[in-house]
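Thanks for making time, everyone. Let me put one structure up and walk through it.

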Amino acid sequence: MDERMVTDYPLVDIQERIATAKPIKYPMAGMTSHQVTLHVYNIATGKEIVIKTGEPAEQYLTAITWNPDNKRIYIGVLNREQNHLKFNEYSAITGDFIQTIFEDRDEQYVEPQGPAYFLPDNADQFIWKAQRDGYYHLYLYTISKGTCKQLTHGDFVITDFNGFSKDGSKIYYRTTEVSPLERHCYMMDIKSGTVTKLTKEHGTHDIIPSGSGKYFLDYYTSTDVPYNVDLQDSNGKMVRRLHEAENPLKDYNLGVTELGTLKAEDGQTLYTRLIKPYNFDASKKYPVIVYVYGGPHAQLITDEWTAGAGIYLNYLAQEGFLVFTLDNRGSADRGEAFEQCIHRQCGQLEMRDQIVGIEWLKTLPYVDADRIGSDGWSYGGFMSTSLKINHPEVFKVSVAGGPVLDWKYYEIMYGERYMDTPEENPEGYELTSLENKTDKLEGKLLMIHCTTDPVVMWQHSLVFVENCIHNGKQLDYFVYPGHDHNVAGPDRAHLITKITQYFKDNL
């Protein structure tokens, strides 16, 4: 990766008496990108060749895969716009281009999720995962014949490829077929198409097949099961349980967690999670904290231990809050229509879905509709601030950590995938910017940023603060010196205490 042409971005180390500048390379949306080449080094001869991936230099090299013959190598060459992928075959001996196996195009974006998976002892056939009919499915390619066969079908997502049987006649994979909240594993006979569901209990499963193909390990968790590891035979029959975790929260007073569904304006199902305080009393009125992420590649509500909430959100409930979460459109593993509708307008449809959740909360007799807050980090910080700015009548108190506040300051790969460049989409960048809307800020907002964040640059929140000052708007602001994109280690206890006390003092 050659980053010499990429702009330096200043980060500062304050550990020295005279603070030291430690710049990183950070290409922002629309700016000059780094350039990548793929090299093959021969250990025996000491010779190195460069694969001839061609122009333009600003392109992504993805899904790199060796052919089992060790003479060919495959690269998913993705254009900078990320809407056209060429899966190319090259000579690993000379670096020369051989052929394009296939091309994928999409009006919004193409996002390859992994390498090609060659069948065992087979240099001619491989499995590819792609989202071509609205959902990620598996495809079988035969290179010599130039053919492609779709193996899996349906309105569900193949989330993982788990491998082959020893002879290569069967494949293992993981899907959302039972429910978007669950993950189950299946075995398919490639030739006949016969599918066997291997995992039985509700929840989130992952498997590792044995080398012989006679057994597999099933690692799973659910809302009822902290963590189990089972040995099963190739048909999914239990052989024996290898590990059963004790409930790590058995000595804690936890409130009830309830999962539910609502409908988005386009009719799609939205999943929700509500954590009630311990000793919940339905005759009382409770404040609500809406915990949000809302961005791509994340799903907060799942059928696993604590329903995906973890300890932090249960701690907030213990402190007397209802804690509500909704996975809005744009979230992961729901298919193309659900996920890609946010393209060029991040935050907009997501907010509308969150308001669907708010309207439902207001129908509950034990919700204090005058005391609703929001909390989120990174994309969740962007969402929490967006909700606060655009719906001040709803959100009395908001907390935003490491927030993206103007997409023009974000890096090219993620930023341009979902927003295109500022030059291509000026209206979208203007619409989604929060730094140009500080005049609308009302009520209490705590913004938190780590001073050496290499992902969401400190500039995001500093410019927001500057604009708040110019507009005569007050906000609360806190930094964590020396931390990166989130607060880890012992200092995280300080962060949790800070956020919790802010809600207790103001909500």
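This is a predicted model: local features need pLDDT of at least 70, side-chain atom pairs count only at pLDDT 80 or more; totals for chains, interfaces and linings use all residues.

Where does Ala 29 sit? It lies in the loop between strand 4 (24-25) and strand 5 (39-41). Now look at what surrounds it. Leaving aside neighbours within four places in sequence, Ala 29 is in contact with Trp 407, Lys 408, Tyr 410, Glu 411, Ile 412, Glu 416, Pro 422 and Tyr 429. Take Tyr 409 as well.

The charged end of Lys 408 sits over the Tyr 409 ring, 4.7 Å from the ring centre. There is another case of this kind: the charged end of Arg 132 sits over the ring of Tyr 139, 4.6 Å from its centre.

On to the aromatics. The count comes to 30 aromatic pairs. One of them is Tyr 90 with Phe 97: the ring centres are 5.8 Å apart and the planes stand at 70°, so this pair is edge-to-face. Tyr 90 is buried, at 1% relative accessible area. Phe 97 is partly exposed, at 44%.

Ring pairs also build a cluster. Its members are Tyr 109, Tyr 293, Tyr 379, Phe 382, Trp 407, Tyr 410, Tyr 414 and Tyr 418.

Tyr 379 and Phe 382 take us to helix 4, where both are buried. The helix covers residues 379-390. Its 12 residues should span 16 Å, and the end C-alpha atoms are 16 Å apart, so the two agree. How many of its residues are buried? The number is 11 of the 12, so helix 4 is largely enclosed by the rest of the structure. Among the buried ones are Gly 380, Gly 381 and Lys 388.

Four strands form an open, antiparallel sheet in the order 7-8-9-10. Strand 7 (59-66) and strand 10 (97-105) are the edges, each pairing on one side only. Neighbouring strands are turned by 20° against each other on average, direction ignored. Strand 9, residues 84-91, is joined to strand 10 by 7 bridges. Across that pairing, His 84 stands opposite Arg 105.

That's the tour. Over to you.

Notes. Residues are numbered from 1 along each chain as its sequence is written. Side-chain values use heavy atoms; hydrogens and water are left out. Two strands pair if DSSP finds at least two bridges between them. Helices (H or I, at least four residues) and strands (E, at least two) are DSSP runs, numbered from the N terminus. Axes are lines fitted to C-alpha atoms, for helices over the stretch in contact, and angles run from 0 to 180 degrees between N-to-C directions. Rings of Phe, Tyr and Trp (its six-membered ring) pair if their centres lie within 6.5 Å; planes under 30 degrees apart count as stacked, over 60 as edge-to-face and the rest as tilted. Buried means under 20% relative accessible area, exposed over 50%, partly exposed in between (1.4 Å probe, protein chains only). A charge sits over a ring if NZ of Lys or CZ of Arg is within 6 Å of the ring centre and within 35 degrees of the ring normal. The expected span of a helix is 1.5 Å times one less than its number of residues. Contact means heavy atoms within 4.5 Å.
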